Amino acid sequence: MVLGALGIVLSFIAGLVAGPVLGIGPGRQDLASPASAALAPTALPASTPGRTAVTTPSAKVSAPESDCKGVRDRRRTTAARGKPFVVCGIALINKEHRVSAAYRPKLVTVAVKASGVPDVRLQPVAATALTRLFRAAAKAGYTLVVRSSYRSYATQATWYATMDKNLTAPAGASEHQSGLAVDLAGIQAGRLVRGTALGSSRTGAWLLKHAADYGFILRYPTNQSKITGIAYEPWHFRYVGVKVAKGVNATKTKTLERYLEEG
Ligand SMILES: [Zn+2]
């Protein structure tokens, strides 16, 4: 009887010591995840002040600003790279953060003017934004055309084999596979203005000034190839959303890479 009672007491003490210690570890890890942090308030009664106290820090955890810093690409396998490396909700695809051939986003056909390609295919959100960009350009007196949009892994491999390596990413490292990027040109006085000529044209100047209003950035600015891995491309625009586009343009280098680090 005495030994039995002692055992119960010891178990009770062990529970007091071990309980909080075991509880803290996983709890801290959970707070790093916005999904599980969001579950935390449900463990508390709705009327307690603690509910507000727990909700506030979890909202900060999920804010883009804190997610942007120090994020590591943890996709190790080809299967994992079937999805892009995402920072602050933005897919970052470059030579350091590649996607596999398995990555195929949902695409829609966009009814905008194209040249040299049979159709324009983008992710729905980028398709809507591009349509608005083209309309705004037309209203301002400029005619835009798409020279390239979505390109599959296989198509990119073919392009890379024949194109300038400073201007084309290898298969898996191209944003075109995301369906969020377009190569644009303009039509001025009935002539196609494309390539580097677009950069020094009035159409190119309009794009540079207004693309961010529709969520697009000039993805490969002048003299930033050390950061982006690609030389200046006045024709390549990437959809990132209006807020991020304006944020990227406000950085010193105007690169998506630096914006996501600086967040
Ligand atoms: Zn491009």
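1. Let me start with a strand contact: valine 182 has phenylalanine 237, in β9, as its bridge partner. Keep in mind that this is a predicted model. The pairing of β6 with strand β9 (residues 236-239) is antiparallel and runs over three bridges.

2. On to β5, another neighbour of β6. Strand β5 (residues 143-148) also pairs with β6 in the antiparallel sense, here over five bridges. If you want a residue pair to look at, take leucine 144, whose bridge partner in β6 is glycine 186.

3. Then there's the hairpin. β6 and strand β7 (residues 191-193) run antiparallel and are joined by three bridges, with glutamine 188 partnered by arginine 191 in β7. Two residues sit between the strands of this hairpin, and alanine 189 takes a positive phi near 50° there.

4. How much of β6 is covered? Mostly: six of the eight residues in β6 (residues 181-188) are buried.

5. Now for helix α5 (residues 124-139). Its 16 residues should span 22 Å at 1.5 Å a residue, and the end C-alpha atoms are 23 Å apart, so the two values agree.

6. Which residues of α5 are buried? They are Ala126, Ala127, Ala129, Leu130, Leu133, Phe134 and Ala137. These cover an arc of only 165° around the axis, so they lie on the same side of α5. As background, an α-helix has 3.6 residues a turn, so residues three or four places apart point the same way.

Note on methods:
Residues numbered from 1 in each chain as written. Predicted model: local features only at pLDDT ≥ 70, side-chain atom pairs only at ≥ 80, totals over all residues. Buried ≥ 20, exposed ≤ 12 C-beta atoms within 10 Å, placed from the backbone. Helix = DSSP H or I, 4+ residues; strand = E, 2+ residues; numbered from the N terminus. Pairing = 2+ DSSP bridges. Expected span 1.5 Å × (residues − 1). Arc of directions from axis to C-beta.
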